[in-house]
Amino acid sequence: MLITEVFGDTERSVVKSGVNLASSGTTASVAYQKGNRLWVASAGDSRAILCSRNMREQCRALPLTLDHRPRRTSERERIEAAGARVAPKRLPSGRSVGEPRMWLQNAHGPGLLLSRSLGDLTAATVGCTSDPEVSYTTLRPGVDHVLVMATDGVWDVLTNEQVCDIVVESPDPHIACRRVLDAALYEWEERMSADNITVLVVEFDWGEDGSLSLTSMEQISTGTNLARWVRQGVAKPGCLHYWGHARS
């Protein structure tokens, strides 16, 4: 399937260009829509959800991806079988903190919080892979309204349901993106921390005959260093054309 091949092709193209991916990488999620059919491929933890509304106007968030992190049982078993050591980060004091990461067996690295990504070639020697998981969904006329794709800068502080509620209550994708961004930035500030954030919102426009005629889309992003400035109104986030979380 072409949607899966582009992940490996992209990784090889970046390596061929001369970029050092030993300890750098990115998550990625890709959506392909044809009529009322929707495929989503993902590697990493840039999650995608489908926001639906039933006849009682009750909102429901349907996850279209599952995070690829060592804490997930199937991913942990896969990378351990490939030779990875899975354990939380250990501080100099000896105390372990945070969720499980993947490490080389006899080295203090790479300590990756992901089990799949494009790049991270050191971690790839013990099971990290750019191979995506793919989900397929048949969109339901008048029920499935919005597709949301975002990086872990959103999902680490907001639940699927919280994001869904924000989006379906927004008048258009642009405002939905800004509201999700603001909500995530608020939560990060409460934690006195920050993370890169990219949010993509796609609204499905159903025709009276049940056909999916038009869609409208908006995307907004901010980097870690801009998070506090954006929240304070000192800087404005710009739109970037990717769905992932790059690290270097």
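Tutor: Let's start with α5: its buried residues pack against β4, β5 (59-63), β11, α4, α6 and β12. Keep in mind that this is a predicted model.

Student: Which residues of α5 are buried?

Tutor: N160, V163, C164, I166, V167 and V168.

Student: And how do α5 and α6 cross?

Tutor: Their axes come within 8 Å and cross at roughly 145°. The crossing of α5 and α6 is right-handed. On the α5 side the contact is made by V163, I166 and V167, and on the α6 side by A176, R179, V180 and A183.

Student: What classes of residue are in that contact?

Tutor: The contact of α5 with α6 has 6 nonpolar residues, 1 charged residue and no polar ones.

Student: OK, zooming out. How many helices and strands are there in the chain?

Tutor: The protein chain has 7 helices and 14 strands. Of its 248 residues, 44% are buried. Taking contacts with a separation of 6 or more, 60% are between residues 24 or more positions apart.

Student: What about the largest nonpolar core, which members touch the most others?

Tutor: That core has 26 residues, and V148, V154, V163, V167, I197, V199 and V201 touch the most other members. At least two residues of this core come from each of β4 (48-53), β11 (144-150), α4 (152-155), α5 (160-168), α6 (173-190) and β12 (197-206). The largest share, 7 residues, is from α6.

Student: Is there a general pattern behind that, or what do nonpolar side chains tend to do?

Tutor: In soluble globular proteins, they tend to be buried together.

Student: Let's pick one, V148. What is V148 in contact with?

Tutor: Leaving out neighbours within four places in sequence, V148 is in contact with R47, A48, I49, C51, W155, V163, V167, V199, L200 and V201.

Student: Buried or exposed, for D120 and M192?

Tutor: D120 is buried, because its relative accessible area is 4% and the cut-off for buried is under 20%. M192 has 72% relative accessibility, so M192 counts as exposed.

Student: What does the side chain of D120 pair up with?

Tutor: The side chains of D120 and S117 are joined by a polar contact of 2.7 Å. S117 is in the loop between β8 (110-112) and β9 (118-119), and S117 counts as buried at 0% relative accessibility.

Student: Which residues does L21 touch?

Tutor: Not counting residues up to four places away in sequence, L21 touches E11, V14, V15, G119, D120 and L121. L21 is in the loop between α1 (2-16) and β1 (25-26). L21 is buried too, with a relative accessible area of 9%. As for E11, its C-alpha is 9.0 Å from that of L21, and the two are 10 residues apart in sequence.

Student: Last one, T137. Where does T137 lie, and what is T137 in contact with?

Tutor: T137 lies in strand β10 (residues 133-138). T137 is buried, with a relative accessible area of 14%. Setting aside neighbours within four places in sequence, T137 is in contact with N36, R37, L38, L50 and L64.

How values were computed
Residues numbered from 1 in each chain as written. Predicted model: local features only at pLDDT ≥ 70, side-chain atom pairs only at ≥ 80, totals over all residues. Heavy atoms only, no water. Helix = DSSP H or I, 4+ residues; strand = E, 2+ residues; numbered from the N terminus. Buried < 20%, exposed > 50% of the residue type's maximum accessible area, 1.4 Å probe, protein only. Polar contact = N/O pair within 3.5 Å; in protein donor to acceptor, adjacent residues only side chain to side chain. Core = buried A, V, L, I, M, F, W, Y, C linked by side-chain atoms within 4.5 Å. Contact = heavy atoms within 4.5 Å. Axes fitted to C-alpha atoms, helices over the stretch in contact; angles between N-to-C directions. Left-handed = near helix turned anticlockwise from the far one by under 90°. Nonpolar A, V, L, I, M, F, W, Y, C, P; charged D, E, K, R; others polar.
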